[in-house]
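Please look through the following model from one end to the other.

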Amino acid sequence: MEKWSLMTITVLLALTVRWTVSLGSYSGAGKPPMYGDYEAQRHWQEVTYNLPIRQWYFNTSDNNLLYWGLDYPPLTAYHSFLCAYIAKLINPDWIALHTSRGYESQPHKLFMRTTVFVADLLVYIPAVILYCFSLKETSTKKKASICALCILLYPGLILIDHGHFQYPLSLGFALWGVLCLSYDWDLLGSVAFCLALNYKQMELYHSLPFFCYLLGKCFKKGLKGKGLVLLTKIAGTVVVSFAVCWLPFCTDMAQIMQVLRRLFPIDRGLFEACMFSSPPPRLANIWCSLSVLIKIKNIVSPQTQLKLSFAVTFLSLLPTCIKLTVQPSLRGFKFALVSCALSFFLFSFQVHEKSILLVSVPVCLIINEIPFMATWFLLVSTFSMLPLLLKDGLLLPYAVTMLAFLSVCAASFSIFEKTSAEDLQLKPFSLSLKGYVSWFKSFPKIVRSLFLLSVTLMGVLSLASATVPPPQRLPDLFPLSVSVISCLHFLLFLVYFNVVILWDSKNSRSQKKIS
């Protein structure tokens, strides 16, 4: 009972923070004609409730795809329909076809905020709680509650879901997938991840670690015996899960192709999705950062951009995927989720600034193993979305949640005392460099100094972005500075995570248990 009372307090605190943030502004509030993501979600409810399924993804007189047309997989559409059904019972005007565009009122805001709150409470938060209880490192009730509190207070997800406006369902389903795999419930884990992928196509960021881990398990069991049986079961589970999700759209090939075109709009170019109303782009990935110096979109065709981004992304995540397939372990799987998602964010095609959350949630899963680096990354990931958060009027929630998160992590994990090579999982790597790199002796002090410098820089830029008018000749100075600095951080983090994965001797030991 006591462990649940501690966890209850943790959950109540997390819910209070979420509800407090939700009382503020949201994406596009009072900004016609397109408004923002809040209106996009409302419009999808309008479309899915009033139009037949065959028209949901097609441009018609009743469904102008240029006005927040559906561009997510079927589960997002089904969820929108469910919310619309409830909205219709409360106030039909909220989802009236055509006339409800840009609808804004306090009762409707309360309804929309509540739908996010309920999604969080039913899907994401339970997965976090059960995951923390499943960890060997958090076997005591106090440690599990502390770990859950740090994960649930991650500011990036709170600000985007309950401030900007977004549903946490895809990340929640993915987390359920990780939880199931940690208990060797491979089929249930496969179903959960299929749900995540059919809610948002960006879950492809996590697809390779899921695939490689499960394939590696099958190899270890032997493809002439139990491994083949498991592989067949997993393949069948994935096919059935996708078939159920896509069944209403399987009436003809034209329907399927139109949905796919909406999900993967290749013609938009390399990073059109990260553009605001004017250039330059404000996204902390490599292509947008390089565009400051090299106008990639002007000198390379869209098809070449696609091939280039695919090649760089594939090469950056290949070592991690090979290691996970050859030496499958749950620990390696979680670190691979981080590394592969970060490679996708930095190098892939059509990235949005909010996509950093697909990296951040896996980082939350390893905060108990590398609390210092995880806390640092999660702070940077939230900082990287600063231009978007300022646009939505979320400066105060941003500042408060960032300080609260840093304070809780520092107090809970004593992060400043865990900066040695061993604490950062770099001991195998440091041993391989023994005799070559003498500064490893002063490594903890160097890392702490870099962290303090990083946090100071983020604080100064955040304050300047909110209060100092930019020079007339450089109107995008602060957003660009945020993007480039964040990108440099992420590149260093990518190197770090890959070093941890590739030099990890624990994987080679723990993978024996699978076989």
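Leu 461 sits in helix H20, which runs over residues 443-467; helices here are DSSP runs of H or I with at least four residues, strands are runs of E with at least two, and both are numbered from the N terminus. The model is a predicted one, in which local features need pLDDT of at least 70 and side-chain atom pairs count only at pLDDT 80 or more, while totals for chains, interfaces and linings use all residues. Residues are numbered from 1 along each chain as its sequence is written, and side-chain values use heavy atoms, with hydrogens and water left out.

With a relative accessible area of 9%, Leu 461 is buried. Buried stands for under 20% relative accessible area, exposed for over 50%, and partly exposed for what lies in between, with a 1.4 Å probe and protein chains only. What does Leu 461 touch, not counting residues up to four places away in sequence? Its partners are Phe 383, Leu 386, Phe 478, Ser 481, Val 482 and Ile 485, where contact means heavy atoms within 4.5 Å.

Ser 241 belongs to helix H9, residues 207-246. Its relative accessible area is 13%, so Ser 241 is buried. Leaving out residues up to four places away in sequence, Ser 241 touches Val 191 and Cys 194.

Helix H15 covers residues 357-365 and is mostly covered itself, with nine of its nine residues buried. Among them are Leu 357, Leu 358, Pro 362 and Cys 364.

Leu 82 lies in helix H3, residues 74-90. Accessible areas come from the Shrake-Rupley method with a 1.4 Å probe, and for residues only the protein chains shown count as cover.

Next comes the chain as a whole. The protein chain contains 22 helices and zero strands. Of its 515 residues, 55% count as buried. The accessible surface comes to about 22,400 Å², and 69% of that belongs to carbon and sulfur atoms. Along the principal axes, the C-alpha trace spans about 70 × 65 × 60 Å. Among contacts between residues at least 6 apart in sequence, 77% join residues at least 24 apart.

The protein chain is divided into domain 1 (172-264) and domain 2 (265-468 + 476-505), with bounds from an automatic or database domain assignment. The contact takes 23 residues from domain 1 and 24 residues from domain 2. The C-alpha centres of the two domains lie 26 Å apart.

How many salt bridges does a search of the whole structure find? There are nine, a salt bridge being a side-chain nitrogen of Lys or Arg within 4 Å of a carboxyl oxygen of Asp or Glu. Arg 42 pairs with Glu 46, the closest N and O atoms being 2.8 Å apart. These two residues both lie in helix H2 (residues 37-50), four residues apart, about one turn of the helix. Both Arg 42 and Glu 46 are buried.

A second salt bridge joins the side chains of Asp 504 and Arg 331, at 2.4 Å from N to O. Asp 504 lies in the loop between helix H21 (477-502) and helix H22 (505-514), and Arg 331 in helix H14 (residues 330-347), so the pair ties together parts that are 173 residues apart in sequence. Asp 504 counts as buried because its relative accessibility is 9%; Arg 331 counts as buried at 13%.

Lys 334 forms a salt bridge with Glu 369, with the closest N and O atoms 3.8 Å apart. This pair links distant parts of the chain, 35 residues apart: Lys 334 is in helix H14, and Glu 369 is in the loop between H15 and helix H16 (371-383). Both Lys 334 and Glu 369 are buried. Arg 331, Lys 334, Glu 369 and Asp 504 are linked in a network of salt bridges.
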